[in-house]
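Please read the following walk through a protein model with the sequence and the 3D view open. It goes from helix packing to the sheet and then to single contacts.

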Amino acid sequence: MADIAKIVEELSQLTVLEAADLAKALEEAWGVSAAAAVAVAAPAAGGGDAAPVEEKTEFDVILTGDGGKKINVIKEVRAITGLGLGEAKALVEEAPKPIKEGVSKAEAEEIKKKIEEAGGTVELK
């Protein structure tokens, strides 16, 4: 078995992009989500010389609440997602739930604006 301290030392020298590539490779090799590994590896990468941080290009739009305007929010969720009435109602009632995932910043901001105008609350991740 490899020396754990040596592995930690080597991982600490990775850039953010290298850590993301490592996480993706481990996810594919082992068939597991590496979100926790990226969260641990990314802060370690900032160790000596801070690597430039790449701007996020994909966002998840998470409905966090209906703001007491459930019907209006359900209508807007249906228009945005194309879900049927039952599915949209379930999504709104089970908030926090993702409305859309992996969308551009502009689309995420547009969806957020529409939901907030309908009375709901949204978080972008």
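In this predicted model, helix α4 and helix α6 (residues 105–117) have axes that come within 9 Å and cross at roughly 155°. An angle over 145° counts as roughly antiparallel, so α4 is roughly antiparallel to α6. The crossing of α4 past α6 is right-handed. On the α4 side, the residues that take part are E76, V77 and I80, and they meet I111, K114 and I115 in α6. Sorted by class, the residues of this contact are four nonpolar, no polar and two charged.

Helix α4, which spans residues 70–81, also packs with helix α5, residues 85–93. Two packed helices are described by the angle between their axes and the distance between the axes. For α4 and α5, the angle is about 120° and the axes are 9 Å apart. The two helices are therefore oblique to each other. Their crossing, too, is right-handed. Here α4 contributes K70, V73, I74, V77 and R78, while α5 contributes L85, A88, K89, L91, V92 and E93. This contact has seven nonpolar, no polar and four charged residues.

Side chains of opposite charge can pair when their charged atoms come close. K70 and E93 form a salt bridge through their side chains, with 3.0 Å from N to O. Because K70 belongs to helix α4 and E93 to helix α5, the pair ties together parts that are 23 residues apart in sequence. Over the whole structure, a search finds five salt bridges.

The next part to look at is the sheet. Strands of a sheet pair through backbone hydrogen bonds, either parallel or antiparallel. In this model, three strands make an open sheet in the order β2-β1-β3, and the pairing is antiparallel. The edge strands are β2 (97–103) and β3 (121–124), each of which pairs on one side only. From one strand to the next, the twist averages 20°. Strand β1, residues 59–65, is joined to β2 by four bridges in the antiparallel sense. In one of the pairings between these strands, L63 has K97 in β2 as its bridge partner.

How does α6 lie relative to the sheet strands? Helix α6 lies across β1, β2 and β3, and runs at about 165° to β3.

One backbone detail remains, between α5 and β2. Most residues other than glycine have a negative phi, and most peptide bonds are trans. The peptide bond from A95 to P96, however, is cis, with omega near 5°. P96 is located in the loop between α5 and β2.

Terms used: Residues are numbered from 1 along each chain as its sequence is written. This is a predicted model: local features need pLDDT of at least 70, side-chain atom pairs count only at pLDDT 80 or more; totals for chains, interfaces and linings use all residues. Side-chain values use heavy atoms; hydrogens and water are left out. Axes are lines fitted to C-alpha atoms, for helices over the stretch in contact, and angles run from 0 to 180 degrees between N-to-C directions. Angles under 35 degrees count as roughly parallel, over 145 as roughly antiparallel, 65 to 115 as roughly perpendicular and the rest as oblique. A crossing is left-handed if the near helix is turned anticlockwise from the far one by less than a right angle, and right-handed if clockwise. Contact means heavy atoms within 4.5 Å. Ala, Val, Leu, Ile, Met, Phe, Trp, Tyr, Cys and Pro count as nonpolar, Asp, Glu, Lys and Arg as charged, and the others, Gly among them, as polar. Two strands pair if DSSP finds at least two bridges between them. A salt bridge is a side-chain nitrogen of Lys or Arg within 4 Å of a carboxyl oxygen of Asp or Glu.
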